[in-house]
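Thanks, everyone. I'll take you through one model this morning. Please bring it up on your screens.

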Amino acid sequence: MCTCPFIGLRSQWDTSRCPPRWAATCSADKCTSCRGSSLTDKVWFSSRAAQHIIRIDGKVGLFKGLGPRLCAGTIGTLVHGRVVQTCQERGSPQILGGEQKAADGSLQKVVNETTREMLARSCATIVTHPFHVITLRCMIQFIGRETKYSGVLDSIVTVYREEGVLGFFAGLIPRLLGDVFSLWICNMLAHFLNTYAIDESMSHTGEIRNCSQAVTGFFASMLTYPFVLVSNLMAVNNCGLAGGLPPYASVYPTWVDCWRHLSREGNMSRGNSLFFRKLPAGKLYAVEQKRFF
């Protein structure tokens, strides 16, 4: 609940190729987001963006999409726990070692546990993705001042009526791929660091191991962020909202086309920072047309 305002701001930056509406109205000679002279030009968006939303929609505007997000979190936790419990009861899956009991800290144990966690996370992601799509669309409505998605049940009916069942799973594939790659990168890096870089004779070994897990998790999330970006873009792509249509966003036939377009424009890391926004290298932002050139 506390992170909902930050997720909303970040989602609007992810899904619109131009700065959000509050940035587009600023003076080009005062704001680096409009000047765009180099890749390192940055602007502190968060406080100004939040203030703009509060001025337009009140504090409630910062919590758009909270209902479906809570549903996704609750259902995802239940599904994840149930899958993990089932795997533990059946002793599966066992990728390495077969029926042999893996030693603590061994590669065999890490691979088997990661595989089990991958299955649990994937099941939870698939089941809750419809709520994720609705959450993003509720947040993106601010860009065009729409009220198309006003509640969980109404949003479910709207998506089904306009896009069918497939509409609930827009952007699912890149999201799944990102989750899987992030999990494996994080766990494998943490295992090799704990095995070969951390000596048992060192003091505070436990704290160092926990720190290495956090560092590898952050590194993995940075590497797999393009999958998150593409998933968010496809979730609102051509859905009838202004934030998912030109000039705010391009329309993509598939997520692969979205990936190629972002890669070609050097926009694969767009929105990965909550506080700063990087402009594409060599691009200038036109305020009137709300796009980069």
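How closely do the axes of helix α5 and α6 come, and at what angle do they cross? Keep in mind that this is a predicted model. The α5 helix covers residues 66-90, and its axis comes within 8 Å of the axis of α6. The two cross at roughly 160°. Angles over 145 degrees count as roughly antiparallel, so α5 is roughly antiparallel to α6. As for handedness, α5 passes α6 in a right-handed crossing.

Now the residues at that contact. From α5, they include Pro68, Cys71, Ala72, Ile75, Val79, Val83 and Cys87. Gly76 and His80 of α5 take part too. On the α6 side, look for Leu119, Ala120, Cys123, Ala124, Val127, Phe131 and Ile134, among others. There are charged names on the list as well: Arg69 from α5, and Arg116, Glu117 and Arg121 from α6. By class, the contact of α5 with α6 has 15 nonpolar, five polar and four charged residues.

Next, the cores. The largest nonpolar core has 14 residues. Inside that core, Tyr149 and Val236 have the most contacts. Which elements give two or more residues to this core? They are α6, residues 107-144, and α10, residues 225-236. The most comes from α6, with six residues. There is also a second, separate core, made of nine residues. Met234, Tyr252, Leu262 and Met268 are among them.

Stay on α6 for a moment and find arginine 137, which is found in that helix. Is arginine 137 buried or exposed? Its relative accessible area is 0%, so arginine 137 is buried.

Last stop: alanine 220. Its place is in helix α9, residues 205-223. Buried means under 20% relative accessible area. Alanine 220 is at 0%, so it counts as buried. What does alanine 220 touch, not counting residues up to four places away in sequence? Ser182, Ile185 and Cys186. One distance to go with that: the C-alpha atoms of alanine 220 and aspartate 179 are separated by 9.7 Å. Along the chain, those two residues are 41 residues apart.

That's my tour. Over to you.

Key: Residues numbered from 1 in each chain as written. Predicted model: local features only at pLDDT ≥ 70, side-chain atom pairs only at ≥ 80, totals over all residues. Heavy atoms only, no water. Core = buried A, V, L, I, M, F, W, Y, C linked by side-chain atoms within 4.5 Å. Buried < 20%, exposed > 50% of the residue type's maximum accessible area, 1.4 Å probe, protein only. Helix = DSSP H or I, 4+ residues; strand = E, 2+ residues; numbered from the N terminus. Axes fitted to C-alpha atoms, helices over the stretch in contact; angles between N-to-C directions. Parallel < 35°, antiparallel > 145°, perpendicular 65-115°, else oblique. Left-handed = near helix turned anticlockwise from the far one by under 90°. Contact = heavy atoms within 4.5 Å.
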